[in-house]
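Open the model in your viewer and keep the selection tool handy. We will go from stop to stop, and at each one you will hear what to select and what is there.

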Amino acid sequence: MRTLRSLPYAVAAASMLAVALPASAQQLSIATGGTGGVYYPIGGGFAEMINNHIEGAQATAEVTGASVENMGLIMRGDADLALALADTVYQAYNGSGDFEGRQIENIRALASVYPNAVQLVTLAESDIESIADLAGKRVSVGAPGSGTELNARALLEANGVSYEDFTPQRLNFNETADAIRDGDIDAGFWSVGPPTSSILNLAATRDIRLIGLSDEEVANAQAEEEVFAPYELAAGMYDGMDEAVQTLGIPNVLVVNSDMDEELAYQLTQLLFENTDELIAVHPAANDTTVKFTMDSTPVPLHPGALRYFEETGAEIPDRLRP
């Protein structure tokens, strides 16, 4: 029995010949994140693509605590597909970091969908200009069980900042935006595909500033987490953001249990890459949903069904992605 709240997500229907699936695959649950992030619209958009294009299948986007929680849902079979940050997936698969002593070996990837950006936001009037200035402040580090908290902690610790230096608050994206707006906290982290609705809404009501990272801070973080990469938030992404801001990017991975039916995994992967325009219509982050991005960025082996699809397309598949 599902323990998650089930929330269907609607997007415009598109025409395509339906493909029949095994009866066992008819009800699919996609674990996403909070409604203020990108996982939910991306997961919901993909659910609607499944409903429109795969005969007999009904997929539903589920609101969750995001990456870390989603790994457990996949392991236990409480979700069929899940979105999660690459570092979370990597740690879970290898039993390292926050997953030390609780390795989840049955995780397989279908694709890397788009990169997240670590976004540290404060009010424009704040005296916070760098991560060092978080000392003594009230800071949201993301929802419990989220990839945002993993990313925030790795970034901070790699640069000599610990939770003991400030007052951490574990809030989801919408709660973080509300708390910054109301003055209940001084700053907050998001690790999400930009632009994200909760920051857009905050910027529409208050003047905000995004805190950039120095080259040294980026390098320190990369030494801590190999999936981190330099990422630039473009000028104008949010109201009042006049200049580009340097931060970190982390791929987001669409994962399944290794026990998923191979034909289902194949058809889901095919659907994602041959109808990407439908997902882009839901959120622009899906512009990065390419075969090359998957080959370059995926941190764990592919499901055999996904592997079959990529082999048929002639993709050059790294050895690390073969089970």
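Predicted model: local features only at pLDDT ≥ 70, side-chain atom pairs only at ≥ 80, totals over all residues.

## Stop 1

Which residues of α2 are buried? Colour Ser-67, Val-68, Asn-70, Met-71, Gly-72, Leu-73 and Ile-74, and you have them.

Now step back to Ala-66, in the loop between β3 (58-63) and α2. Most residues other than glycine have a negative phi, and most peptide bonds are trans. Ala-66 is not a glycine, yet its phi is positive, about 80°. Is Ala-66 buried or exposed? Its relative accessibility is 13%, so Ala-66 counts as buried.

Then move to the other end of the helix. Just after α2 comes Gly-77, with a positive phi of about 80°.

## Stop 2: helix α3 and Gln-91

Select residues 86-94 next: this is helix α3, and Gln-91 is found in it. Show the side chains of Ala-86, Asp-87, Thr-88, Val-89, Gln-91 and Ala-92, the buried residues of α3. What do these buried residues pack against? Their partners are α2, where the tour began, together with β4 (81-85), β5 (107-123), α4 (147-158) and β11 (245-257).

Zoom in on Gln-91. With a relative accessibility of 7%, Gln-91 counts as buried, because the cut-off for buried is under 20%. Leaving aside residues up to four places away in sequence, Gln-91 touches Ser-96, Gly-97, Asp-98, Phe-99, Leu-150 and Glu-225. Before you leave, click on Gly-95, which follows α3 and has a positive phi near 70°.

## Stop 3

Go to Pro-195, in the loop between β8 (187-192) and α6. Look at the peptide bond that joins Pro-194 to Pro-195: is it cis or trans? This bond is cis, and its omega is near -10°.

## Stop 4: helices α5 and α6

Select residues 173-182 for helix α5 and residues 197-205 for helix α6. Two packed helices are described by the angle between their axes and the distance between the axes. Here α5 and α6 pack at an angle of about 15°, and their axes are 9 Å apart. Angles under 35 degrees count as roughly parallel, so α5 is roughly parallel to α6. The crossing of α5 and α6 is right-handed.

To see the contact, show Phe-173, Asn-174, Ala-177, Ile-180 and Arg-181 on the α5 side, which meet Ser-198, Asn-201, Leu-202 and Thr-205 on the α6 side. Sorted by class, the contact of α5 with α6 has four nonpolar, four polar and one charged residues.

Stay with Asn-201, which lies in helix α6. Its relative accessible area is 46%, so Asn-201 is partly exposed. Now draw a distance from the C-alpha of Asn-201 to the C-alpha of Tyr-238: the two residues are 37 apart in sequence and 9.3 Å apart in space.

## Stop 5: helices α1 and α8

Select residues 39-53, helix α1, and residues 262-274, helix α8. How are they arranged? The helices pack at an angle of about 110°, with their axes 11 Å apart. That makes α1 roughly perpendicular to α8. By class, the contact of α1 with α8 has six nonpolar, one polar and no charged residues.

## Stop 6: aromatic rings

For the last stop, turn to the rings. How many aromatic pairs are there? The count comes to six. A pair of aromatic rings is described by the distance of the centres and the angle of the planes. Select Phe-273 and Tyr-309: their ring centres are 6.3 Å apart and their planes are at 15°, so the pair is stacked. Phe-273 lies in helix α8 and Tyr-309 in helix α11 (residues 304-312), so the pair ties together parts that are 36 residues apart in sequence.

Phe-273 counts as buried at 13% relative accessibility, and Tyr-309 counts as buried at 5%.

Technical notes: Residues numbered from 1 in each chain as written. Heavy atoms only, no water. Buried < 20%, exposed > 50% of the residue type's maximum accessible area, 1.4 Å probe, protein only. Helix = DSSP H or I, 4+ residues; strand = E, 2+ residues; numbered from the N terminus. Contact = heavy atoms within 4.5 Å. Axes fitted to C-alpha atoms, helices over the stretch in contact; angles between N-to-C directions. Parallel < 35°, antiparallel > 145°, perpendicular 65-115°, else oblique. Left-handed = near helix turned anticlockwise from the far one by under 90°. Nonpolar A, V, L, I, M, F, W, Y, C, P; charged D, E, K, R; others polar. Phe/Tyr/Trp six-rings, centres within 6.5 Å; stacked < 30°, edge-to-face > 60°.
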